Every structure is written in C-alpha cells, then in structure tokens.
Amino acid sequence: MAQFECVFPSAYSFDDILQYFHAHLTKNHGEYTGGSDYASGRVRVAVRVYERYSVMGDNYLSLTVTLVNDGGDTFASAISAAGRGNGLGVVFNWGEDKFLEIFSDGANMFEGMKVLKKGMKNSFAATLIKPCAISMTEF
C-alpha cells in the first residue's frame with residue numbers, strides 16, 4: 001500500500017480539485033470504478049476509486065482518493081493498493097507507487113499545496129496469502 005496526503009489552499013474550490021483529479025487520473029490510464037459524496041453544512045466529502053492493470057505485477061491496482069473540505073482548505077488522501085490477479089495466492093504490490101505518483105504529480109500542479117504524508121507501507125515485492133480450503137463434510 002502506498003499513501004499520499006496533502007492540503008490544497010482555499011484559493012482552489014473543492015469542485016475544481018475533484019474535477020481536475022478525475023480528468024487527470026482517467027487520462028493517465030485509470031478507470032473510474034465508483035465514488036461517493038457527502039455534504040453536511042459546510043463540510044463536503046468525496047471519495048473516488050480508480051483501477052488499472054499492472055503488467056509487471058500481473059494484477060489490478062486500486063487508487064482511492066478522498067477529498068474533505070469544511071469551507072477552507074481541502075484535505076486530500078490518495079491510497080493505492082494491489083489487488084486481484086494471477087490466481088497463485090500471491091499479491092504483488094509492484095506498481096502501487098507508480099499509480100500513486102500520477103496523483104502526486106497532479107497535486108504538485110497546485111501552487112501552495114502542502115504534503116502531509118507520502119510513502120509506502122509493506123514494501124515487500126510480494127505478500128503471501130495462505131489459501132483457505134474448507135471441506136463441505138466439516139459442516
């Protein structure tokens with residue numbers, strides 16, 4: 001898992017930031033797979049999920065983008081994770097950082113943007129998942 005968090009100054013509108021990243025991510029090989037919006041008073045939250053195929057890891061990568069605004073600066077969190085693929089019981093996280101880099105490169109286009117967090121968690125090239133087999137006679 002790779003994560004990038006930042007704050008955009010209030011000079012940029014929540015809607016403009018959201019629209020910019022949607023266009024930027026879909027233009028750079030990310031497929032929009034779903035999202036959610038919430039508003040209460042001055043607080044707005046938007047969650048967007050993008051996916052793309054990684055040839056190197058032979059799997060799909062997911063990028064979840066969350067924006068939060070309370071009328072001032074806009075907080076953004078982007079988390080990429082490796083997922084389904086190859087069917088061998090191994091999840092390769094190759095490409096997570098590259099997918100996240102598309103977001104962070106876009107964020108750097110905003111003047112005054114402040115990075116809060118950037119990095120990889122679980123930087124192993126592969127994480128083994130133990131297969132689970134249950135016999136129907138056990139029930």
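Me: Why is D37 called exposed?

Reply: The relative accessible area of D37 is 52%. Exposed means over 50%, buried under 20%, and partly exposed in between (1.4 Å probe, protein chains only), so D37 counts as exposed. This is a predicted model, in which local features need pLDDT of at least 70 and side-chain atom pairs count only at pLDDT 80 or more, while totals for chains, interfaces and linings use all residues. Residues are numbered from 1 along each chain as its sequence is written, and side-chain values use heavy atoms, with hydrogens and water left out.

Me: What makes R48 and D37 a salt bridge?

Reply: Their side chains meet at 3.0 Å, N to O. A salt bridge needs a side-chain nitrogen of Lys or Arg within 4 Å of a carboxyl oxygen of Asp or Glu, so this pair qualifies. R48 lies in strand β3 and D37 in strand β2 (residues 31-40), 11 residues apart. Helices (H or I, at least four residues) and strands (E, at least two) are DSSP runs, numbered from the N terminus.

Me: Is R48 buried or exposed?

Reply: R48 has a relative accessible area of 13% and therefore counts as buried.

Me: How many salt bridges does a search of the whole structure find?

Reply: The search finds 3. One of them joins D15 to R44, with the closest N and O atoms 2.7 Å apart. D15 is in helix α1 and R44 in strand β3 (residues 43-54), 29 residues apart.

Me: Why is D15 called partly exposed?

Reply: D15 has 35% relative accessibility, so it counts as partly exposed. R44, at 30%, is partly exposed too.

Me: How do you know that K98 and E101 form a salt bridge?

Reply: Their side chains meet at 3.9 Å, N to O, so the pair falls within the 4 Å limit. Both lie in helix α2, 3 residues apart, about one turn of the helix.

Me: Why are α1 and α2 called oblique?

Reply: Helix α1 (residues 14-27) and helix α2 (residues 96-107) pack at about 135°, with their axes 10 Å apart. Angles under 35 degrees count as roughly parallel, over 145 as roughly antiparallel, 65 to 115 as roughly perpendicular and the rest as oblique. The angle of α1 and α2 belongs to the rest, so they are oblique to each other. Axes are lines fitted to C-alpha atoms, for helices over the stretch in contact, and angles run from 0 to 180 degrees between N-to-C directions.

Me: Which residues of α1 and α2 meet?

Reply: Y20, F21, H24 and L25 in α1 meet I102, F103, G106 and A107 in α2, where contact means heavy atoms within 4.5 Å.
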